[in-house]
Amino acid sequence: MSDEALILRNGQLAQEDAPELLDTDLMIEKGRLKAVGPKLPAVEGVAEIDCTGRIFLPGLFDVHVHLREPGREDKETIATGSEAAINGGVTGIVAMPNCTPAIDSGGMVQSVLDIASREARIPVLTTGCITKGRLGQELANIGGMHARGAVMITDDGDPVGNHQILRRAMEYAREFDLIVASHCEVKELSGVGAMNEGEVSYRLGIPGIPAESEEICISRDIRLAHLTGAHVHIQHVTSGEGMRIIERFKEDGIKVTCEVSPHHLIFNETHIEDYDTHYKMNPPLRTAEDNAILLDGLKRGVFDVIATDHAPHTDFEKQLDFASAPFGITGLETALPSLYQHFIKPGHFGWDLLVKRYAAEPRRLLGLDLVEFKEDAPVNLTLFNPERETHFTEDFMRSKSRNTPFLDKQVQGHVEMVILGDQILLDRISRSS
Ligand SMILES: [Zn+2]
């Protein structure tokens, strides 16, 4: 786009804490909003796009993404993962450190950020490990990773099993004002489990992971955060009781934030009936009742952010039997249309909630600038068409991996355009006027 101006006409702006969409035009010039408001005057020589029926959203921001680089570039790279984000309307992501080698030093943090600055068209931030090699034995150099720009520390994929090591990590993190992000699981209780423990796992003959595995660890991690004064962020909450534990601590004024992923809102253990490994993740899909409790918690503000836990795996690995296949599904490309289809379209929640939890609060969590729709603000825009379907074919997807339950399915809603600064990152809007 470079310096050329553009007018996006007749869209509807979604904003946090504003239940009604706002009819508006946007005029963009040199990467900034030149004018915002209804019925902007036409300007000679300035191209226009008719956005009737489209929603203007701030670019979404995902705080939980696995990019697999370095080490498993056959699954994803920083380049392909960030393109998958753009394809889903996401303009900022945070990488998890469970790479090979693990991102557990200042040098590793720097190397990931260097690759990102060369190869990604959106901001890619990174976390660093809590323990060296993510092995849970010895603290990583938390100060060194912080100095190079790590935005959180986490051993995601695994909990820190040793209470004392976690306590020490939290004490360091507090000194640097770093968030400790927790994958909550008691390994001894999860054992070789591959799905939620209960009636369905018994019937399918798949070893189960009890919800208590997650709930006990949530409670421990928040108690240790309280003891140390650290900020703990509970990742991918799946259990209704786990959410209630967080809510009770929040009511007591303890500094804890938490996230919920689209798949834990939309799917549950009954989707595993035909042993489809696209429904295998950790923590696992729970019950329909948990879906309802999590949704209610999201609406009531218990969850600070929505995050996908985008976890690419090869077809080869996901085609293994259910017990052997790896945990995790991709999510960056499917999150927005699937949340629209399942929750916004049927009226469970509005665009304001989506903007708050998947664009504004994730940036607030990390102390980043918010996206604003006012004159002279930098452009950071996702254009969504609720009337157009998305068919998640292999051709459509930009991720190197296709391990999603939405593969080859049609979902209502389509990301048509993504603009960041002076770059049009994605353009699928038809201009047949
Ligand atoms: Zn995790």
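Student: What is the area buried between domain 1 and domain 2, and what makes it "buried"?

Tutor: About 2,000 Å² is buried between domain 1 and domain 2, and carbon and sulfur atoms give 64% of it. It's called buried because it is accessible area (1.4 Å probe) that the two parts lose on being put together, summed over both. Keep in mind that this is a predicted model, where local features need pLDDT of at least 70 and side-chain atom pairs count only at pLDDT 80 or more, while totals for chains, interfaces and linings use all residues. Residues are numbered from 1 along each chain as its sequence is written, and side-chain values use heavy atoms, with hydrogens and water left out.

Student: How do you know where domain 1 and domain 2 are?

Tutor: The bounds come from an automatic or database domain assignment. That assignment gives domain 1 as 6-57 + 373-391 + 408-427, and domain 2 as 59-365. Their C-alpha centres lie 30 Å apart.

Student: How many residues of domain 1 and domain 2 are in contact, and what counts as contact?

Tutor: Contact means heavy atoms within 4.5 Å. On that basis, 26 residues of domain 1 touch 25 residues of domain 2.

Student: On to the helices. Why are α1 and α2 called oblique?

Tutor: Helix α1 (residues 78-87) packs against helix α2 (residues 106-119) at about 60°, with the axes 9 Å apart. Under 35 degrees would be roughly parallel, over 145 roughly antiparallel, and 65 to 115 roughly perpendicular, with the rest oblique. The pair is therefore oblique.

Student: Which residues of α1 and α2 make the contact, and what classes are they?

Tutor: Ile78, Ala79 and Ser82 of α1 meet Val112, Ile115, Ala116 and Glu119 of α2. By class, that contact has five nonpolar, one polar and one charged residues. Here Ala, Val, Leu, Ile, Met, Phe, Trp, Tyr, Cys and Pro count as nonpolar, Asp, Glu, Lys and Arg as charged, and the others, Gly among them, as polar.

Student: How are α7 and α8 placed relative to each other, and why?

Tutor: Helix α7 (residues 211-228) and helix α8 (residues 240-251) pack at about 20°, and their axes are 9 Å apart. That makes α7 roughly parallel to α8. Glu215, Ile218, Ser219, Ile222 and Arg223 of α7 contact Glu241, Gly242, Ile245, Ile246 and Phe249 of α8. Those residues divide into five nonpolar, two polar and three charged.

Student: What about α12 and α13: what angle do they make?

Tutor: Helix α12 (residues 335-344) and helix α13 (residues 351-365) pack at an angle of about 140°, with axes 11 Å apart.

Student: What makes Asp17 worth a mention?

Tutor: Asp17 has a positive phi of about 60° although it is not a glycine. Asp17 is found in the loop between β1 (6-15) and β2 (18-29).

Definitions and conventions. Axes are lines fitted to C-alpha atoms, for helices over the stretch in contact, and angles run from 0 to 180 degrees between N-to-C directions. Helices (H or I, at least four residues) and strands (E, at least two) are DSSP runs, numbered from the N terminus.
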